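Keep the viewer open as you read.

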Amino acid sequence: SAANGTITGGSGKIELINKLQDPKFTLEIVKKGVTTGENGSETQTLLSGVEFKLERLGVDGKPDTAFTAETKATSSKDADKGKCSFENLKAGIYQLTEVKTAEGYNLLSEPIQIKFTTDGECYIDGVRDTTNVASSGNTYTMTLTVLNRKNFELPHTGADAPSLWLLVGLPALVAVLLVLVFRYNKKGGRRQ
């Protein structure tokens with residue numbers, strides 16, 4: 001019984017157990033396109049309509065089929081243009097794959113590995129990220145900026161392949177024929 005703020009009991013022993021809650025994580029993605037100007041300067045613009053797939057990896061390093069995260073497209077709203085996020089993630093290792101990019105840009109060549117630990121640490125491809133992580137209570141938000149470059153097209157200069165073969169091949173063919181004809185005539189011209 002409790003009287004005057006004093007607790008008395010049979011054993012006189014009170015055991016309080018506080019269980020630490022597992023942290024939750026939010027992966028926020030900012031999608032930007034990079035364009036290189038003629039003078040070598042780079043311009044970055046936010047891209048909308050880009051889709052990512054997030055998969056949690058199992059102990060074997062393969063995607064865990066029990067975990068499902070929707071593929072999310074980056075929002076085209078002005079306020080959130082170029083942004084999308086995956087929320088309420090648990091500690092573990094994830095694989096982020098870009099499945100669709102903006103027209104004229106290259107997709108990421110390979111997935112990005114994201115790791116969240118029970119201590120609230122965030123890793124990108126094995127490197128701990130401390131600068132882009134914010135925490136609020138038991139939730140950690142990591143902001144990942146993903147850059148895509150424009151498709152690189154070679155400028156069309158000079159002749160195309162078929163005309164190049166004609167320019168090189170025809171004179172070579174004529175030269176070989178002349179040599180053969182000359183030799184044939186030389187051999188045929190000998191009389192003994």
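**A guided look at the model**

The structure holds zero disulfides. Keep in mind that this is a predicted model, and that a disulfide here would need two cysteine sulfur atoms within 2.5 Å.

Now step back to the overall layout. The protein chain has one helix and 13 strands. Of the 192 residues in the protein chain, 23% are buried. The protein chain exposes about 14400 Å², and 53% of that area comes from carbon and sulfur atoms. Contacts give another view of the fold: among those in the protein chain with a separation of 6 or more, 60% are between residues 24 or more positions apart.

Next, the aromatic rings. How many aromatic pairs does the structure hold? There are four aromatic pairs. One of them joins Phe67 and Tyr94 in an edge-to-face arrangement, with 5.4 Å centre to centre and 70° between the planes. Phe67 sits in the loop between strand 5 (51-57) and strand 6 (72-73), while Tyr94 belongs to strand 8 (residues 92-100), so this pair ties together parts that are 27 residues apart in sequence. Tyr94 counts as buried because its relative accessibility is 1%.

Tyr94 also pairs with Phe116, and this pair is tilted, at 5.8 Å centre to centre with 55° between the planes. Here the link runs from Tyr94 in strand 8 to Phe116 in strand 9 (residues 112-116), distant parts of the chain that are 22 residues apart. Phe116 is likewise buried, since its relative accessible area is 3%. Which residues do the ring pairs link into a cluster? Select Phe25, Phe67, Tyr94, Phe116 and Tyr140, and you have that cluster on screen.

A ring can have a charged neighbour as well. Lys115 lies over the face of Tyr123, 5.3 Å from the ring centre.

Strand 12 (residues 133-136) and strand 13 (residues 139-149) run antiparallel and are joined by four bridges.

You will find Asn88 in strand 7 (residues 83-89). Is Asn88 buried or exposed? Its relative accessibility is 61%, so Asn88 counts as exposed.

Asp125 is another non-glycine residue with a positive phi, of about 50°. Asp125 is in the loop between strand 10 (122-124) and strand 11 (127-128). With a relative accessible area of 48%, Asp125 is partly exposed, because residues count as exposed over 50% and as buried under 20%.

Definitions and conventions:
Residues are numbered from 1 along each chain as its sequence is written. This is a predicted model: local features need pLDDT of at least 70, side-chain atom pairs count only at pLDDT 80 or more; totals for chains, interfaces and linings use all residues. Side-chain values use heavy atoms; hydrogens and water are left out. Two strands pair if DSSP finds at least two bridges between them. Helices (H or I, at least four residues) and strands (E, at least two) are DSSP runs, numbered from the N terminus. Buried means under 20% relative accessible area, exposed over 50%, partly exposed in between (1.4 Å probe, protein chains only). Rings of Phe, Tyr and Trp (its six-membered ring) pair if their centres lie within 6.5 Å; planes under 30 degrees apart count as stacked, over 60 as edge-to-face and the rest as tilted. A charge sits over a ring if NZ of Lys or CZ of Arg is within 6 Å of the ring centre and within 35 degrees of the ring normal. Contact means heavy atoms within 4.5 Å. Accessible areas come from the Shrake-Rupley method with a 1.4 Å probe; for residues, only the protein chains shown count as cover.
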